Structures are given as structure tokens and as C-alpha cells.
Number of protein chains: 2
Amino acid sequence: MTETAPRPTLEAVAARAGVSRATASRVVNGGDGVREPLVERVRRAVDELGYVPNQAARSLVTKRHDAVAVVVAEPETRVFADPFFALQLRGISKELTAHDNQLVLLLTEGRDDHARVGRYLAGGHVDGALVFSLHLDDPLPGLIRRAGIPTVFGGRPGWSDGDGGDVVYVDSDNRGGARDAVRHLVALGRTRVAHITGPLDQTSAADRLDGYRDVMADADPRLVVPGDFTPAGGERAMRELLDHRPDVDAVFAANDLTAAGALRVLREHGRRVPEDVAVIGFDDMLPVAEQTDPPLTTVRQDIEEMGRLMARLLLRGPDGPHPGEQAPRSGVVLPTTLVRRASA
Amino acid sequence: MTETAPRPTLEAVAARAGVSRATASRVVNGGDGVREPLVERVRRAVDELGYVPNQAARSLVTKRHDAVAVVVAEPETRVFADPFFALQLRGISKELTAHDNQLVLLLTEGRDDHARVGRYLAGGHVDGALVFSLHLDDPLPGLIRRAGIPTVFGGRPGWSDGDGGDVVYVDSDNRGGARDAVRHLVALGRTRVAHITGPLDQTSAADRLDGYRDVMADADPRLVVPGDFTPAGGERAMRELLDHRPDVDAVFAANDLTAAGALRVLREHGRRVPEDVAVIGFDDMLPVAEQTDPPLTTVRQDIEEMGRLMARLLLRGPDGPHPGEQAPRSGVVLPTTLVRRASA
């Protein structure tokens, strides 16, 4: 048994350093205007006495910061360019604010910065983390596990396949939604249905491809072309499709931004939509899906609600009350609906 | 003099709580899977012993987190809707990443949440703060002062007028840029030059109005109408202008988004730009300024560079080296340039 030592006071720090209480306070509170040798003496005294400033000490002991980190595993340029993230953040922000929790968005320039994000998460600055847009070979999940803070993922994490473990996530029924889209195209009489994929190191994109294949099991492999969830990727993929399969009569695009790019290229090539080529997207991202020419038939997922639900699950914790719903210990999968507009 | 007490160890916490070291570790590191009564006993032991986990303790003592908070004093919806903020954040992100500092963006639903932001800033989670889009009656500056962390402001803070104090900020020459714009309109022979303002509780908007008045000292007060830096605000203001002064022959809009809204209303009313009404914006926000119809003559400020400079000033600190430039203890004001396109 160790004896209970009283927590050292600021006065003790000042006395040990041989400075006034005001000077010690300035150093401890990160203020400027104290000469370097004095700063050093105060820091040494802090270190030797194990002094901990009050407010920070309290949050270390209670382990509550009333703050939640949000990590989008994409470069900040994409976070601001793709309205998907703004929508998900909107849901998260509303829910956290309703519980007086601070939203702490950790931005990066890319994957090389994820080790630093991991250090911040481990550093005792937040009560938990919401993480989305994970890619398969991302070091973040491991870093988060080591940080040891409660986490909810947006989208089914790829590595949890099979182990059915205790990873909590919120996802949409990507595979079922994709099946609905492709079945709709087939029901319209289309026989050469193509798919422009998302980045296949993300489960959302892989699941949509699986949904396409559920319906089009025997399709020509050249009808499946890679995209990256961006309009530019949709343009590139559509050009490739028209090169290799000029007889294509329908396209299921992995998201609405991809579909918007594909529509532009079809117009350039004088293909009428939906008469010559029917097009379906995924997301029902507004205003994008309504403002394309023609307006986009798409698979609707409630992105803002996904964000809200992620925050709610994190705040309640695995053992908290979940009125009116099951307490999920792993995934919550939200349904999707096909929204019919002019493009298919 | 207080005796130097050794910092209590995790073993001591476990012993005092009567649990294993592994259980104590799980509780201290925020992990789940420990029964509530044990959690309570460990927490009490932590409290009584003044135990501080290692990583957090280290950062409290060294006072370095290698993390910088960014606070945009606007609701998150506006942060994501206005490309100005994305550009400024891009500059900040590049500079912080180059110095391996984590960008911690604190989002809010609005001003009611600023007290919570102040608590986070005071809580020992970041080494400093970058704050922009301040409004005059915002409680943030006071909260930040109390938090006692180094801060650089984007835009001249309104309250520092006159006291010439030690507030560090980065701004553009809003007044000079506005003068250039209005002088250009006058040089084109326009005599009924209107101004759609920004929100006048922000110094950037107030300074641009002052620049307009420097040139148009005797203008009809009805030629000055309020906007809010959004396209919708620009539309409302332009309608008001056409109602009250249908003979208006030029408009200086407080920013490009405002100008884009004004251009839409002018087109609706069959006014030709620039023949009937010449229009100038502010920002040179791309692609907005190039994609308006007609492309926008505007006052260019380097928004990304402003963000980069804010981060650089914060990381260097007031006494750090500033090769090739003055060490500013207050404001750095960047020049603007008039970019001529078709609208004026």
C-alpha cells in the first residue's frame, strides 16, 4: 500500500523553483513573458513534484472531456469537396451538441498523418472517436485500438469480416440497395448493364459491386470499370466504357457524384439519357441528384441520420439505454430506398 | 518546502483499489469490460493518490501537444457551404502538417456553443488556437484570453481597435481593395455605384464599406444595402437595389458569393452585365469567380496563404525567428489586387 500523498499545490511548485506564485502560474498556464531560465526551473519543479494543473487534472481523473473526435480517413481536400462528409458531420454535430459534447474534427493531408491522429486520440483529449471512410490497408484501426478509447465506425470496417467481434458501426444496406438499382434497370429491359465502382478498398464500394454481381452474375467483365466516388472518376470510367462496350445501355454508378460525371460524358457523346443509356446513382445526395441533367434516379441512404446514429451510439456506450431499439454490440445497418427520377 | 513525493504508479492504484494491475489499466485507459463497482473503486484510488496516466501526464508537464485548434466562429453548416473556409483551412492544414502538428477543428452549431469551445481550449488539449470569422459581440475572444493559450486571429479583431495591443492577426487590405474596385467602376464612367455589404459586425465587411465610402463619399444612402456574404443575401440585396434605385449602373459586392447572387437577379430582370450594370466582387474565389455569367471582375486576396501565414505565426510564436520578414506583434496585412474579367 502506498501512502496517500496530498496532491502538490502551485505554491509548492513556486517554492521549489524559487519563484513567485504568479510566475509559476504563468509558466504552468502556458503564458509568455517569463525568462527562459525561470521557465526551466518551474518546469523542473513541476516534474519533480508531479504537479498537475487543476482543470486538466480533473478531466484526467474523471476521464470525461465532453469531447468526441471525428476522423475522416481522407485528405482534408476531399473532406471539403465531397458533400457526403458535410452531411454526415451535420448529423454528428447536431447530436453531439444536443448532449453538450464538443465535436473535435481531426483533419489530415493523408494517410501519412494517421500515426499523429492516433497519438492525439491516445493523448487523453477526447472521450471517444467516430471514424469514417476507412480504407482496407489503413493503420488507423490498429492505432485506435491501442488508444483504447470507445469508437464507432461509419461503414462496416473491412477487417472485422468473419470475427463478428465487438466493433460497433453504422452502415447502409449497400449490397441490397445495389441489387434494387440493377434489378430496376433489368426490369426496364436493359441487357447490357454496366457498373462504375467506388474505391474497392472500402467496404461500401465492395458491397455495391457484390450487389451488382448478385443480379448480373454472367455479365461481361468489361462492363465493370473502376471509379473513385468523384465526378472526374465517373467521367474517366464512362469514357472507358464507351470505348470497350459502345453498346452499353445502362449504368449503375457507385455514387451520385460518379453518376454526374458519367452523365456529362454521355451528353458529350450524344447519347440520350435514359433513352439510349439509363443511369442510376447511389446516395440521393441533394442538391446534386436533382440538379443533374436529367435528374438522377438513385438509391437513397440517409447520410445525416447515419452520422446522428453514430454519435448516439458512442454517447450511450455499449451498455446505455436504447429506448425502442436493440442495443447493438456490432453493426447497425440502415435500409435504402430507390428514388425514381428521369435518368432511369 | 514540500517534500518530493514520487509520482504514484499504476501498481499503487491497483493495490489501493484491491484489483489486478490489468483491471486498473483497463479502467485508466478508458476501456470497457470492467464491472461498475470495480470501475468506481479504481477511480477513487486514482483520485486519492493523484495518479496521472503517463502519456497525458507528460504532455501536461511539457505543455506540448503538437496540436493546434482551429475555431471558425460560424455554424458548421456555413463552414461547409462557403468555400472561403475550406481554402483557409487548406493553407492551415498544409502548414501544420509540415510541422507535424495536428489540426483540431472545433465545430459548433452556433454561438451558444462557444462557451464549450472555450472550455476545450482551456482544458490542456492544444498548444494554441487559430480563430477566424469573428463577429463583434462574440464571447470567444474573452474565453480565449481566459484559456491563456497563444492565438492568432484571421481578420482584424474588432475589439482591438485603438488599444494597439498584442493581438496577433492576419488580414487582407480590405479597405484598399474596396477602394480599387470602386475607383475602377468610376473610371468606367459609372455614376450610380451601389455597394452590397457583408455582415457589418465583422471588420472585413466594415472595412470594405469604408473603402467604398472613401470613393463615394456623397452617394445616396439607398445605394448601400446589407448582405451577409451568401448568394441568397446577394439576391435579396440586388432586388432591394432594383426596387429603390432602378437606375443603378454598377455594383460592388462585398464578396464573390454575394456578386454571384446579384448577377442572377440582374439576369432575371433582363439587365445586361456589364453594359447596363457593371459588377465587381471580392475574394477571387475559384471556381466561383470564373464560372459566373459573365465571369467576375473581383478583388483578389490569397485566402490559402492567409491560412498558411496564420499557422506559421502561431508555430513560431512571438519570439521565434522570422527570416526575411518582420516579427509581427500585432497585425500582418496582405495586399489585394484587382482581377479584371468580363463583369466590369
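1. In this note, two residues are in contact when heavy atoms of theirs lie within 4.5 Å. The model is predicted, with local features requiring pLDDT of at least 70 and side-chain atom pairs pLDDT 80 or more, while totals for chains, interfaces and linings use all residues. Residues are numbered from 1 along each chain as its sequence is written, chains are lettered from A and ligands numbered from 1 in the order in which they are written, and side-chain values use heavy atoms, without hydrogens and water.

2. Chain A as a whole. Its secondary structure amounts to 14 helices and twelve strands; these are DSSP runs, helices (H or I) of at least four residues and strands (E) of at least two, numbered from the N terminus. Of the 344 residues in chain A, 57% are buried. Buried denotes under 20% relative accessible area, exposed over 50%, and partly exposed the range in between (1.4 Å probe, protein chains only). Among contacts of chain A between residues at least 6 apart in sequence, 71% join residues at least 24 apart.

3. Helix H8 of chain A. Within this helix (residues 140-147), the buried residues are A:Leu140, A:Pro141, A:Leu143, A:Ile144 and A:Ala147. They lie on the same side of H8(A) because they cover an arc of only 160° around the axis, the arc being that of the directions from the helix axis to the C-beta atoms. An α-helix has 3.6 residues a turn, so residues three or four places apart point the same way. The buried residues of H8(A) pack against strand S1 (67-72), helix H7 (114-122), strand S3 (128-132) and strand S4 (151-154) of chain A. On the face turned away from the buried side are the exposed residues A:Arg145 and A:Arg146. Just after H8(A), A:Gly148 adopts a positive phi of about 70°.

4. Salt bridges. The whole structure holds 61 salt bridges over all chains; each is a side-chain nitrogen of Lys or Arg within 4 Å of a carboxyl oxygen of Asp or Glu. One of them joins the side chains of A:Asp113 and A:Arg116 (3.7 Å, N to O), and both of these residues are buried.

5. Two bridges between helices of chain B. B:Glu11 and B:Arg21 form a salt bridge whose closest N and O atoms are 2.5 Å apart. This pair, ten residues apart, connects helix H1 (residues 10-17) with helix H2 (residues 21-28) of chain B. B:Arg175 and B:Asp214 likewise form a salt bridge, with the closest N and O atoms 2.9 Å apart. Here the partners are 39 residues apart, B:Arg175 in helix H9 (residues 174-187) and B:Asp214 in helix H10 (residues 203-215) of chain B. B:Arg175 counts as partly exposed because its relative accessible area is 37%, and B:Asp214 is partly exposed at 34%.

6. A buried charge in chain B. B:Asp171 belongs to strand S5 (residues 168-172) of chain B. It is buried yet has no salt bridge, and the nearest side chain of opposite charge, B:Arg156, is 4.7 Å away. For charge, Lys and Arg count as positive and Asp and Glu as negative, while His and the chain ends are not counted. Leaving aside neighbours within four places in sequence, B:Asp171 is in contact with B:Gly155, B:Arg156, B:Met306, B:Val332, B:Val333 and B:Leu334.
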